[in-house]
Amino acid sequence: MSDSLNPVIFEVIRNRLIAITEEMRVALQSVSGSPTVTEASDFFTGLFTAEGDVASMGFQVAFHAPVSGAFIRHIVSRPGMVVRKGDMFIGNDPYIAALHQNDVQMVAPIFVDDRLIAWAAVEAHETDVGGMDFASWCPKAREVHQEGLRIPCVKLVDAGTMRDDVLEMIVSASRLPALLGLDIRAFIATLNVATDRISELTGRYGADVIHEAMQRVIASSEVRMRARLQELPDGEYHAQDFLEHDGHDNVLYKLDVRLTKKADKLTLDFSNSSPQAPGFINASRSGLMGAVAGSILPTFAYDMPWNQGCLTPIEVVAPDGLICTAQFPAPVGSATVEAIWVAGNAIMLGLNKILAVSPGYQHRAQGLNAGAMATFNLGGVNQFGEPFGLHLMDPIAAGSAAFPARDGVNAGGPITSPVSCIADVERNEQVAPLFYFQRKLAPDTGGPGRFRGGLSAEVSFTLGGIDHASALIMTHGVEVPNSQGLGGGWPGATIRQTFGRDAVRDGRLQNGSWETFGPKPGLMRMTNRDVFAVSWQGGGGYGDPIERDPETVAKDVKGGAVSAEAAKVVYGVIVDGGLDLRATEEERAKIRLARVGGAFRSEPERIFQGTPLFNLSDALSLAKDRRGWHVVTKAGYILCTGSTRWRSGAASASWRKLPAEFGIVLHEDLAATAYYCPASGTLLSVDFHFKDVRPPDDTILDLTSVDGLLSGHDRIH
């Protein structure tokens, strides 16, 4: 570290960079009039080096960090593009650098004299940027041209002067020009704050010091990330997740990632993912890189500054033409809540599988949080004769996953956007002609396990003050349980969305004609006689549900989190006017026997006699004796020897349709397989996969590296 950048000055500047991104947030939310920004925090702010590497970022939507960097690199690399002090550039083209067209971003170069030393970036979801359907989510689109205005890279502010003709061209494409125009001006205010604050820093410390500090901030995070990877076991890990319906047909698509961890590097290979779809669920490569950042940062970099250094040790392998690397002009309008979201699910599941087998980090392993982001947009003319539009962010209130020692958080939401939240009911009713009947936690939605996943919320509402409006309804996760569990835990319930026609009169509910929607009902007319009701996915569970404390299950039933029927079928707990411990013991014994076909295996040569070294999951451990390495169950049953490919030694059962008490609906091409200990009937894992396709082994450790990891850690956790 140079004399001009001693440790004290470095820490001052590092923390100041973080504070500047927070000031950017305050500026954006103070000027914006969009509840998506002001209430739900669906946006990104960050500071970047002159080369486009993220140096500091806020804790809103982490997906956007690499996207803004790619946008900056695009500007810098363009021949003939003159970048001057006071310039600001705007864009939203997913095939250059954006997640989808609704995510409009602006960046500004920051100069000291004639030297470019940094960039500031801001992005937010805009309710409508044109396209064939309101809200620019176009389920019937077959190419990106139908999905709204694409702004490749345009200089909106030229040396400090607003180009009003460019602004007019952009906002005129939207059905909500005033709202879009106000957010763009909020972007300008945000970038001005960043420019002023960085200029103040350089005035105090000099451009060279600020440049070196940004580089060292990035280098520091890289060192910490590489050190973390060194602490995790080498091996190959596998995870996959699915999404259904591409807007045209109810086809099932797979997002598949194979993670190879070697020393201080991690490779994510998406080559086995499904080919790109004909509909709007695809993601471009920008979206995939966003999913990688949004997963790595909160899962592996939770205690280090978020910047480019956290991502440098990560290599991504993904051929062109996959559902997560779609090629122009494929539609990508719903990428954020479809392919990007599900790719993020698969990545985070794989990362948590690594944590689960890592001494020192096993306590952090969890299943998946908020596996789906359902979309409801409402637009039209309000009671004052003004155009309105609302992108409902309530679905963020899905459940978060359980950990090895505690339940998940009810309505905890996604960890890819740590500080996002939902608006008050009254706020939504204020900005849009809505009338809520309820917003509450939904019973039986949390993923069952020894520790239960958090419950999802549910809402129901109609229109208030107007006769009709356009509603755009779409999601995945109606027929795929995306909030997968870990260590034998089950996923949270799948999304359930229903629509009641003539179900309300004069603001009061009545009997009507109710329809259960599939994943992509699309754009429809909604009247003040109709009710839309939806519950989202709860968080994934951890461990075998029939090992959950019966008293805790009884409390769940009493508190309305779990129904008495689910308590019996899923948890094996009998609550009939009170907890019946004897009947519970009998019920759980019956469930265990049914899992293994009626009799436990008694094979003395398959029982490990020593002490396992450390846990692989809630129900599996790694052990070693003169015969070599073994994967053993809690009952001591040896599932495999010489590798960690344990599934072939377990008992198993598969379903195409699950009992109703699980709250999980399966797509016609999806199946579930559960694996059990042959000697005790303990649930070891639950896998979801294409029907007639064997689930792959998901954790293949390099056993030669295990002993080194065990030094300095207790042998069993």
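Colleague: Let's start with H1: how far does helix H1 reach from its first C-alpha to its last?

Modeller: Quick heads-up: this is a predicted model, where local features need pLDDT of at least 70 and side-chain atom pairs count only at pLDDT 80 or more, while totals for chains, interfaces and linings use all residues. Residues are numbered from 1 along each chain as its sequence is written, and side-chain values use heavy atoms, with hydrogens and water left out. Helices (H or I, at least four residues) and strands (E, at least two) are DSSP runs, numbered from the N terminus. Helix H1 covers residues 7–31, 25 residues in total.

Colleague: Which residues of H1 are buried?

Modeller: Buried means under 20% relative accessible area, exposed means over 50%, and partly exposed is in between (1.4 Å probe, protein chains only). An α-helix has 3.6 residues a turn, so residues three or four places apart point the same way. With that in mind, the buried residues of H1 are Phe-10, Ile-13, Arg-14, Leu-17, Ile-20, Thr-21, Met-24, Ala-27, Leu-28 and Gln-29.

Colleague: And what do the buried residues of H1 pack against?

Modeller: Here a contact means heavy atoms within 4.5 Å. The partners include strands E1 (43–49), E2 (54–57) and E5 (115–125). The helices among them are H2 (35–38), H5 (177–205) and H6 (207–230).

Colleague: What about H3, which helix do its buried residues pack against?

Modeller: H3 takes in residues 65–77 and reaches 19 Å, close to the expected 18 Å. Its buried residues include Val-67, Phe-71, Ile-72 and Ile-75. They pack against strands E1, E2, E3 (88–91), E4 (103–112) and E5, and against helix H7 (285–300).

Colleague: In what order do the four strands of the open sheet come?

Modeller: Two strands pair if DSSP finds at least two bridges between them. The pairing in this sheet is antiparallel, and the order is E13-E12-E16-E21. Strands E13 (387–391) and E21 (522–527) each have a single partner strand, so one side of each is left without a neighbour in the sheet. The strands at the edges are therefore E13 and E21.

Colleague: Which peptide bond is cis?

Modeller: Look at the loop between strand E11 (314–317) and helix H9 (339–356), where Pro-329 sits. Omega is near 5 degrees there, and the cis bond runs from Phe-328 to Pro-329.

Colleague: Is Asp-506 buried or exposed?

Modeller: Asp-506 is in the loop between E18 and strand E19 (508–509). Its phi is positive, about 55 degrees, although it is not a glycine. With a relative accessible area of 75%, Asp-506 is exposed.

Colleague: Last one: what is the radius of gyration of the protein chain?

Modeller: The chain has 14 helices and 30 strands. The radius is taken over C-alpha atoms, and the globule rule is 2.2 Å times the number of residues to the power 0.38. For 717 residues the rule gives 27 Å, and the chain is close to that, so it is as compact as a globular protein of that length, at 26 Å.

Conventions. Expected span 1.5 Å × (residues − 1).
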